[in-house]
Amino acid sequence: MARRYGAYGGAYVPETLVPALTELEAAWHQARRDPAFRREHARLARTLGGRPTPLYFARRLTARAGGAEIWLKREDLLHGGAHKFNNALGQGLLAARMGKPRLIAETGAGQHGVATAMIGAALGLRTEVYMGEVDVARQRPNVERMRLLGAKVVPVTSGSRTLKDAINAALRDWIANVRTTHYLLGSAVGPHPYPTIVAGLQSVIGTEILRDARREFGREPDLAVACVGGGSNAIGTFHPLLRTRTELLGVEAGGPRGSRHGAASLSKGRPGILHGAYSYVLEDRDGQIADTESISAGLDYAGVGPEHAFLRDSGRVRYIAVHDEGALAAFGWLAHDEGMLPALEPSHAIYAAVQEARRRPSRERIVVTLSGRGDKDLEVVRGATGQRA
Ligand SMILES: *Cc1c(COP(=O)(O)O)cnc(C)c1O
């Protein structure tokens with residue numbers, strides 16, 4: 001059962017969770033082969049989500065960089081404003097298929113909680129979202145959104161009262177309520193089969209990129225770039241491109257300039273176990289999970305999905321870290337050059353893409369996954385740049 005990516009992955013969980021993970025894996029494999037499930041999934045992805053999303057040529061951003069062409073994969077146009085919809089819809093349908101009337105989820109910034117609440121409402125599933133008390137206080141608008149969508153938000157008061165504690169609380173709930181409840185995990189992390197399921201559900205991003213690139217440029221992109229928090233939008237971008245000649249670049253959060261490790265587990269961490277999987281993690285000097293820092297809440301996580309650990313070691317994907325300052329600069333470029341306010345997470349990827357474009361010839365094409373829009377980040381950007389909105 002415990003599928004691995006090389007040495008990474010697995011399912012390091014209490015015995016009581018093993019039957020639930022086995023049931024989930026079996027349901028996933030059956031659902032993927034069931035034409036009725038696939039039809040319903042595709043229909044809702046289109047009519048509720050807004051798929052497919054376009055590939056946009058960023059003409060003025062390209063001119064700013066002065067080199068390779070930069071194209072944006074517009075996941076910011078999805079329902080809810082981010083790629084998180086892809087995962088929430090797929091797992092929500094899977095829960096309904098398994099006959100589970102209740103969804104639980106963890107959330108940090110609240111984006112995954114909102115996506116789960118949206119899907120819970122649309123599918124008629126009761127939804128409870130675990131959120132660290134610190135995050136509840138600093139992400140008020142998303143707490144309000146979840147409540148308006150009919151979800152219950154449960155503040156978590158243990159540990160550092162942030163995302164990792166919310167995941168622990170959700171896992172504890174799942175152990176106690178496994179018969180009625182599906183745990184809708186929000187990224188390509190956690191015990192098997194979650195990294196596989198989430199990668200499968202997000203791979204629509206890379207599949208559409210490949211199809212549209214072949215139509216628009218007559219071939220695959222030269223380089224694909226995506227930001228990496230837990231790694232779901234990046235693995236979804238990379239998966240369908242792994243067997244092509246496209247270079248792949250994952251961009252982690254470096255935190256403020258001078259930060260020891262930011263939230264860059266692959267660039268600055270080492271192998272270890274977190275939330276049921278063996279992957280790269282950031283630890284402090286005592287071997288405890290380290291506190292991370294990043295301007296973007298969605299990248300602020302001490303671990304990363306195990307498949308990225310494998311792809312890093314194999315050399316197939318290159319991973320770098322971009323500082324807060326770079327992300328803020330890229331936010332401004334996209335606003336001024338293209339009239340788009342990106343989320344701060346993909347702003348890290350846009351910064352890296354512009355640096356890459358500068359050193360490449362104009363015949364090359366770079367595709368960047370714009371994983372979400374930036375409405376949620378306006379307060380942070382205003383605070384960081386000292387501007388008045
Ligand atoms: C949550 C989030 C991320 C980070 O999550 P991944 O699982 O690494 O994709 C990136 N971009 C946006 C817009 C997000 O909301």
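This report describes the overall form of one protein chain and then several of its residues.

The structure is a predicted model, in which local features require pLDDT of at least 70 and side-chain atom pairs count only at pLDDT 80 or more, while totals for chains, interfaces and linings use all residues. Residues are numbered from 1 along each chain as its sequence is written, and side-chain values use heavy atoms, with hydrogens and water left out.

**Confidence and overall form**

The predictor's confidence in each residue is given as pLDDT, on a scale from 0 to 100. For the protein chain the mean pLDDT is 96, and 99% of the residues reach 70 or more.

The protein chain contains 16 helices and 14 strands. Its radius of gyration is 19 Å, close to the 21 Å that the globule rule gives for 389 residues, so the chain is as compact as a globular protein of that length. This radius is taken over C-alpha atoms, and the rule is 2.2 Å times the number of residues to the power 0.38. Helices (H or I, at least four residues) and strands (E, at least two) are DSSP runs, numbered from the N terminus. Along the principal axes, the C-alpha atoms fill a box of roughly 55 × 45 × 40 Å.

Of the 389 residues, 59% count as buried; buried means under 20% relative accessible area, exposed over 50%, and partly exposed in between (1.4 Å probe, protein chains only). Among contacts (heavy atoms within 4.5 Å) between residues at least 6 apart in sequence, 72% join residues at least 24 apart.

Leu 210 is placed in helix H10 (residues 204-217) and counts as buried because its relative accessibility is 11%. Beyond residues up to four places away in sequence, Leu 210 touches Glu 220, Pro 240, Leu 241 and Thr 244. The C-alpha atoms of Leu 210 and Glu 220 are separated by 6.0 Å, with the two residues 10 apart along the chain.

His 83 is found in the loop between strand E4 (69-74) and helix H4 (84-97). With 6% relative accessibility, His 83 also counts as buried. Leaving aside neighbours within four places in sequence, the contacts of His 83 include Glu 75, Gln 202, Ser 232 and Ser 371. Gly 272 lies 189 residues from His 83 along the chain, and their C-alpha atoms are separated by 27 Å.

**Backbone features**

Most residues other than glycine have a negative phi, and most peptide bonds are trans.

| Feature | Residues | Angle |
|---|---|---|
| cis peptide bond | Arg 51 and Pro 52 | omega about -5 degrees |
| cis peptide bond | His 192 to Pro 193 | omega near 15 degrees |
| positive phi | Arg 161 | phi near 60 degrees |
| positive phi | His 275 | phi near 50 degrees |

Pro 52 is found in the loop between helix H2 (35-49) and strand E3 (55-57), and Pro 193 in the loop between strand E8 (181-183) and helix H9 (194-202). Arg 161 has its place in the loop between strand E7 (152-156) and helix H8 (163-176), and at 34% relative accessibility Arg 161 counts as partly exposed. His 275 lies in the loop between strand E11 (270-274) and strand E12 (277-281); with a relative accessible area of 9%, His 275 is buried.
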